[in-house]
Structures are given as structure tokens and as C-alpha cells.
Amino acid sequence: MIFLSATGGNMKRLEDMNLADDFLAYSLTVHKTYGEEASRYILECILQRKIRHLVVVPQKTWYGETPKSHGVRLDVYLDEEDGEIFDMEPDNNDGNSDVAALPRRVRFYHSKIDAGNLTAGEDYSTLRNVVVIFITTYDPFGLNRMIYTIKNGCVEEPGLIYEDGARTIFFYTKGRKGNPSEELQQLARYMEHSTVENAQSAELARLHEMVTEVKTDREVGLAYMKAFEIEKRIREGGRAEGRAEEIVRTGYEFGLSDEDILGRLQMKLDISRELAQRYLEKFGKQIEAGR
């Protein structure tokens, strides 16, 4: 079975995706059969140490304290048997503004994870260690390192040990500096080009086997098609809103009545009167506020 999805307006087969692609990485690490095994291998390779049994929580969500407060949805939340907490975030978004805001985004993630894991009355010493890992195909800091490890410290005394249990790791798949291990370099190559030729070790061969199985999993394929349909609707909705704003703005400029503008919205966009009314109210208020 072949499933298709859109990437930048083009159709891409699910079977052609690489592990660096958000959807495939997410689908593998949360898979009911392979998720724990795959997540543990990737973590052990990045951290260069053994990881105990993991509990995989897909898309862990913490809502804001009020409707106006920002919440957060973590892609892959990994709980290590009352030990550390790992949040793994595949991230291919390399827009300049997003990269500049990345440290603050990480700060917000850490705060939400901490707040969600310290119950009322608990001592701060019970707060668990948290490692947030961003896997990127772009260089977040421009220094060509494969691994950037971020920890809090003292500016005046760099040698002072300040252990608050929070750590962030950026795994840049194209990085070369820092003497990354051969195992990590192989994983980076495989993530960018997930082919059998790049599965150069027994561990990667096993990972490739899992990736192949996930790509042909019917549930994964259906989820992929659903995600594509949602993205398509969002894009189309965005275009419709842009056209609606233009119609409303032009109508006001030419002194048309609300009834005439509603008629134009319905005719030009082929939408219901109810939706046309919502567009008129939304953009009418914006236009009036800008005058």
C-alpha cells in the first residue's frame, strides 16, 4: 500500500520519507510495537549511555492555567521508570524567526514539564531531571556541531557546579564538529537518508527494519492521509480568509452596504451566508479599528 502526502505543495510517498521527517519520526517513536525500542536506541545513541525501560507518552499536553495562557504539546514524552524525563522533538522548521526564538521555546517547555511533575506539597528536591532533545536538520547556532548541550551555570564562575536537573540537547544531523562518535554519525546519516545502504550496523539494521514496518503500517498510513487532509484544509482556509478580507476591504472602500458585501462574499467564495457574516464581522472590525 502506498500513501501520499503533501510537502511544500508536492506529493510525497510515505515510503520515501526519512527519519528526519517529523511525521515518520513521531510515528516510529510512539508506535505501539516499536516505539519503546526505537526511542531507547535513539536516546542511547545521542546521550551515549544506557537507558532503562521507557514509558512513551505521545503528544503529552499541558494546557495554560487560563484560556488566555499558552499551553504546550510535546511530540514524544518519555518517562524512564521514576528516573529522568525526556522530551524528543524532531524539528525541521528553519525559519529565521523560529530559530531565534528557539532558546525561549525550550525554556517554556522545561517550565511546563517541571510544573506538571511537582504536585502540591512536594519538596523541590523531588523534582526530576529533564532532558529536552531537539533533532534538527538545520544548524540552530551556526557552529557546525552535531551535538550542542545546554545547561544552566554561573556567569562569574564558569567552573561552579550548578546542577538544577535541566538539560537541553540539540542534535544537528549535518554537524561535524565535536568529534561525534561513529555510531552517532551513522545515525545522523540514516536519519537524513533512511535507506538500507545507510543501516551500517546491527543496531541501525534493526532500526531500519522497524522504520520499514512503520511505513507499511495501515494505521500509520491512514493517520498520514488524515494529517495531509487537515493541512490542506488549513491552507485552503487561509486562502479563503485572505480573499474574504480583500472583498470586505474593497467593499468598504467603495461604500457598499453590508448586504452587498455579504452577497459578494457568498458569490465569490461559494460559502454560506452564515460564514460570510462571520467574515464580514471579523474583517469589518479590523478595518474599522485600523482607521
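Predicted model: local features only at pLDDT ≥ 70, side-chain atom pairs only at ≥ 80, totals over all residues.
Trainee: Which residue of S8 is the bridge partner of valine 131?

Mentor: The bridge partner of valine 131 in S8 is arginine 167.

Trainee: Which other strand pairs with S6 in the parallel sense?

Mentor: Strand S5 (residues 85–91) does, over seven bridges. Within S6, valine 132 stands opposite aspartate 87.

Trainee: Is S6 enclosed or open, then, and why?

Mentor: Strand S6 (residues 130–136) is largely enclosed by the rest of the structure, because seven of its seven residues are buried. Val130, Val132, Phe134 and Thr136 point one way from the strand. Val131, Ile133 and Ile135 point the other way, and all of these residues are buried.

Trainee: Back to arginine 167. Which side chain does it meet in a salt bridge?

Mentor: Arginine 167 meets the side chain of glutamate 163, with 4.0 Å from N to O. Arginine 167 itself is partly exposed, at a relative accessible area of 30%.

Trainee: How many salt bridges does the structure hold?

Mentor: It holds 17 salt bridges. One of them joins glutamate 241 and lysine 282, whose closest N and O atoms are 2.9 Å apart.

Trainee: Where do arginine 278 and glutamate 274 lie?

Mentor: Both lie in helix H9, four residues apart, which is about one turn of the helix.

Trainee: Is glutamate 274 buried or exposed?

Mentor: Glutamate 274 is exposed, with a relative accessible area of 57%. Arginine 278 is partly exposed, at 47%.

Trainee: Which residues do salt bridges with shared partners join into one network?

Mentor: Arg13, Glu15 and Asp16 are joined in that way.

Trainee: New topic: the largest nonpolar core. Which residues touch the most other members?

Mentor: Among its 39 residues, those are Leu19, Leu28, Leu43, Phe171, Leu187 and Leu207. Several elements give two or more residues to this core, including S5, S6, S8 and helix H1 (22–29).

Trainee: Which element gives the largest share?

Mentor: H2 does, with seven residues. That helix spans residues 35–47.

Trainee: And what does leucine 28 touch?

Mentor: Leaving aside residues up to four places away in sequence, leucine 28 touches Leu19, Tyr34, Gly35, Ala38, Leu207, Met210, Val211 and Val214.

Trainee: At what angle do H1 and H6 pack?

Mentor: H1 and H6 pack at an angle of about 105°, and their axes are 10 Å apart. The two helices are therefore roughly perpendicular to each other.

Trainee: Which residues make the contact?

Mentor: Leu24, Ser27 and Leu28 make it from the side of H1. From H6, the residues are Leu207, Met210, Val211, Val214 and Lys215.

Conventions. Residues numbered from 1 in each chain as written. Heavy atoms only, no water. Buried < 20%, exposed > 50% of the residue type's maximum accessible area, 1.4 Å probe, protein only. Pairing = 2+ DSSP bridges. Core = buried A, V, L, I, M, F, W, Y, C linked by side-chain atoms within 4.5 Å. Contact = heavy atoms within 4.5 Å. Axes fitted to C-alpha atoms, helices over the stretch in contact; angles between N-to-C directions. Parallel < 35°, antiparallel > 145°, perpendicular 65-115°, else oblique.
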